[in-house]
Amino acid sequence: MVTRGLINLAQAGEAALIVAAQARDQAAFGELVKRRQGWARALLRRMCSNAAEADDLAQEAFIKAWERLRDLETPAAFPGWFRRIAVTTFLMAKRRQRAVFEEIDDASPIASEDSTPEAAAGAKIDLERALSRLSDAERLCVTLNHGEGLSHSEIVEMTGLPLGTVKSHVLRGTEKLRRMLEAA
Amino acid sequence: MTDFDALLKRSFAEAHEPADDGFSVHVSHVVARNERVARIRNAAQTGAWAVAGAAVLYGVFGLAMSVAPDVVTSLGFGMSRAHEVITGPGANMAQTISAGMTQILLVTGAIAGGLVAYRATQE
């Protein structure tokens with residue numbers, strides 16, 4: 001069990017880890033990364049639809065978070081604050097790649113091959129495969145809206161996209177997912 | 001909320017989250033390396049500022065020598081004697097200009113170096 005100063009890293013709450021990391025405790029930040037990596041990587045994998053690229057962006061986001069951690073006002077705000085860094089990192093990567101938020105008009109059937117009894121009537125989406133068939137912009141907006149529970153206006157504020165565009169991407173992305181599921 | 005929206009939310013909630021120690025270990029290594037680089041950069045910046053400060057002092061000293069050499073000499077600066085050899089009554093114009101230009105270039109170079117190092121640390 002790793003103990004550093006007064007903090008027992010394995011048993012410390014996230015708030016304590018964040019406060020310690022703000023004081024430049026690298027071990028505390030390492031523990032924070034360990035706890036949050038699943039969520040952060042899953043979020044970026046849904047936005048990227050490329051696991052390797054998503055992991056690179058997640059790493060970049062965590063390093064930015066370390067550098068800017070002193071700007072975080074309260075530990076409770078960490079998830080939203082980090083999500084914003086992750087989304088900004090994703091958007092900047094797309095700009096670097098000069099990616100056009102291309103349209104993919106592929107609504108062929110897609111459903112999980114390993115549906116569980118818990119999923120209603122076997123209806124469980126193979127999420128990552130389904131999301132990979134959306135355009136970048138649709139995937140981003142659908143992930144933030146349905147996955148992260150952000151409102152349209154929160155997505156606007158985070159991405160800088162116009163409100164109408166966000167609404168359109170969420171609607172069209174959701175509709176495409178629905179068609180994929182119904183066709184399955 | 002439609003059934004499909006609920007299904008979508010549940011799919012997001014139940015989706016697989018990657019979890020392997022390799023990722024967090026790698027991030028920790030990168031953070032540690034960046035911190036080491038930042039420390040070295042800070043040391044370089046401090047050194048550059050020290051050089052710039054010394055050069056400015058040297059320039060000020062040269063200026064003071066030309067304005068009030070007696071005062072400076074009386075303060076006991078060791079360099080005043082060497083400076084007097086160059087800029088004193090026995091020195092010609094070329095020696096005086098050379099000494100002055102050397103000081104100006106030294107000061108300018110040191111300040112520019114300090115500014116570059118400062119910019120590098122800010123980035």
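A: Contact means heavy atoms within 4.5 Å, and helices are DSSP runs of H or I, at least four residues, numbered from the N terminus. This is a predicted model, in which local features need pLDDT of at least 70 and side-chain atom pairs count only at pLDDT 80 or more, whereas totals for chains, interfaces and linings use all residues. Residues are numbered from 1 along each chain, chains are lettered from A in the order written, and hydrogens and water are left out.

Q: What covers the buried residues of α8(A)?

A: The cover includes α5 (127-131), α6 (136-147) and α7 (152-159) of chain A, together with α1 (3-14) of chain B.

Q: Which residues of α8(A) are buried?

A: An α-helix has 3.6 residues a turn, so residues three or four places apart point the same way. Buried means under 20% relative accessible area and exposed over 50%, with a 1.4 Å probe and protein chains only. In α8(A) the buried residues include A:V166, A:H169, A:V170 and A:G173. The face turned away carries the exposed residues A:L171 and A:E182.

Q: How much area is buried between chain A and chain B?

A: The size of an interface is often given as the accessible area lost when the parts come together. Here about 2700 Å² is buried, summed over both chains with a 1.4 Å probe. Carbon and sulfur atoms give 64% of that area.

Methods. Helices (H or I, at least four residues) and strands (E, at least two) are DSSP runs, numbered from the N terminus. Buried area is the accessible area (1.4 Å probe) that two parts lose on being put together, summed over both.
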